Amino acid sequence: MKPPSFGYQLAQDLPDAFAHYAAATDDVLWLAGGHSIVPSLALRLQAPGLLIDISRLPELAGITVSDDGLRIGATTRHAELLSNPLVAEHAPMLAQAAHFVAHPAIRNHATFGGNLALADPASEFPAVVRCLGGMFDIVGPDGERTVAAEDFFLDLYTTAIEPGEILRSILIPPAPPGTLTAFDELARRHGDYAMVGAAVRLVMDDGLIGQAGLCFHSVGATPIRAENAEAALVGHPLDDATITAARDALAQDLDPADEPTMPGATRLHLAEVLLGRILSRLATPAP
Ligand SMILES: Cc1cc2nc3c(=O)[nH]c(=O)nc-3n(C[C@H](O)[C@H](O)[C@H](O)COP(=O)(O)OP(=O)(O)OC[C@H]3O[C@@H](n4cnc5c(N)ncnc54)[C@H](O)[C@@H]3O)c2cc1C
């Protein structure tokens, strides 16, 4: 199928983008990597009158580190998350997750901000950013605001970004000493959207788990924190008994819907298996 006709504007910077938006007489969509918009236009799932290309805005580019943490510009390509040394040092789980996102051709073009703004419930990055306590830096024509990850993903493909606003960057706060992180997923084939995926963050304190963050994707409309499983971990050593307790608690956190492709109970079982694997791997790191 061919897309319906639409206008296109390449914005030079943020004020230019907002000026094009204000002048538009049709529905507008921001265009970043285009790897979700373009297929959805071709399938006629969306029909905006104007695409404003924000992929070259200087304000949305770059990866920096400061006392506040790691700041990742919204137009950072997925592939850069795999190769950037600051990401490897300060948020290695993002690079780990990027390996599972699609294939190199897509990772070379699709953007981190586009992925998060899309809020696909099957996507890896929203779960990782939520697990790491990321902060979303959103800018509009009248100012800027910061939204915490737990308030950002509102529903299926729905975020806290208001019409006319742009996600400028994402801040990942510094990890406390003793932090262990890992991401893994179960998919039918590598690169496919996952049946279930999990981001795990533990802060070890004198041999015990001091803090735990567990966040799953592909199990509901948004990335889901597993608070009961987290509670089963905190205050305990990372051993087989604790891992079993966390796995058992997961049924109180996740309630995946029955779907034609998979019963909810099967998806929950896969989530339990995945959590057990990730925690066991963290308990016995490779030599
Ligand atoms: C074949 C294929 C396989 C894929 N597999 C996976 C996968 O396994 N896992 C996964 O997570 N993703 C997958 N994706 C999706 C991909 O990773 C990107 O998440 C997706 O294309 C969105 O990023 P983009 O830069 O292309 O955004 P675009 O398509 O340009 O935009 C997506 C949406 O976000 C909005 N938007 C973009 N940037 C901003 C911004 N800065 N501020 C406000 N709104 C913004 C746009 O208006 C649009 O509504 C796949 C895509 C394809 C085509």
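How much area is buried between domain 2 and domain 3, and what percentage do carbon and sulfur atoms give? About 1,900 Å² is buried between domain 2 and domain 3, with 64% given by carbon and sulfur atoms; buried area is the accessible area (1.4 Å probe) that two parts lose on being put together, summed over both. The model is predicted: local features need pLDDT of at least 70, side-chain atom pairs count only at pLDDT 80 or more, and totals for chains, interfaces and linings use all residues. Residues are numbered from 1 along each chain as its sequence is written, and side-chain values use heavy atoms, with hydrogens and water left out.

**Domains**

- The protein chain is split into domain 1 (7-53), domain 2 (58-172) and domain 3 (179-283), with bounds from an automatic or database domain assignment.
- Between the C-alpha centres of domain 2 and domain 3 the distance is 21 Å.
- Domain 2 gives 23 residues to the contact and domain 3 gives 22 residues, where contact means heavy atoms within 4.5 Å.

**Interface of domain 2 and domain 3**

- Of the area that domain 2 buries against domain 3, 30% is supplied by Phe 100, Arg 130 and Cys 131, more than by any other three residues.
- Across the interface, 6 residue pairs are in polar contact, both residues at pLDDT 80 or more. A polar contact is a pair of N or O atoms within 3.5 Å; within protein, one must be able to donate a hydrogen and the other to accept it, and residues adjacent in sequence count only if both atoms are side-chain atoms.
- On the side of domain 2 that touches domain 3, two or more residues each come from helix H5 (92-98), helix H8 (124-131) and strand E8 (153-155). Helices (H or I, at least four residues) and strands (E, at least two) are DSSP runs, numbered from the N terminus.
- H8 provides the largest share of that side, 6 residues.

**Ligand surroundings**

- Among the 29 residues around the ligand, Trp 30, Gly 34, His 35, Thr 111 and Ser 123 come nearest; a residue counts if one of its heavy atoms lies within 4 Å.
- A backbone N or O atom of His 35 is 2.7 Å from an oxygen atom of the ligand.
- A polar backbone atom of Ala 32 lies 2.8 Å from a ligand oxygen, and one of Ala 102 lies 3.2 Å from a ligand oxygen.

**Salt bridges**

- The rule gives a count of 8 salt bridges.
- Arg 71 and Asp 137 form a salt bridge through their side chains (4.0 Å, N to O).
- This pair joins distant parts of the chain, 66 residues apart: Arg 71 is in strand E5 (residues 69-73) and Asp 137 in strand E6 (residues 135-140).
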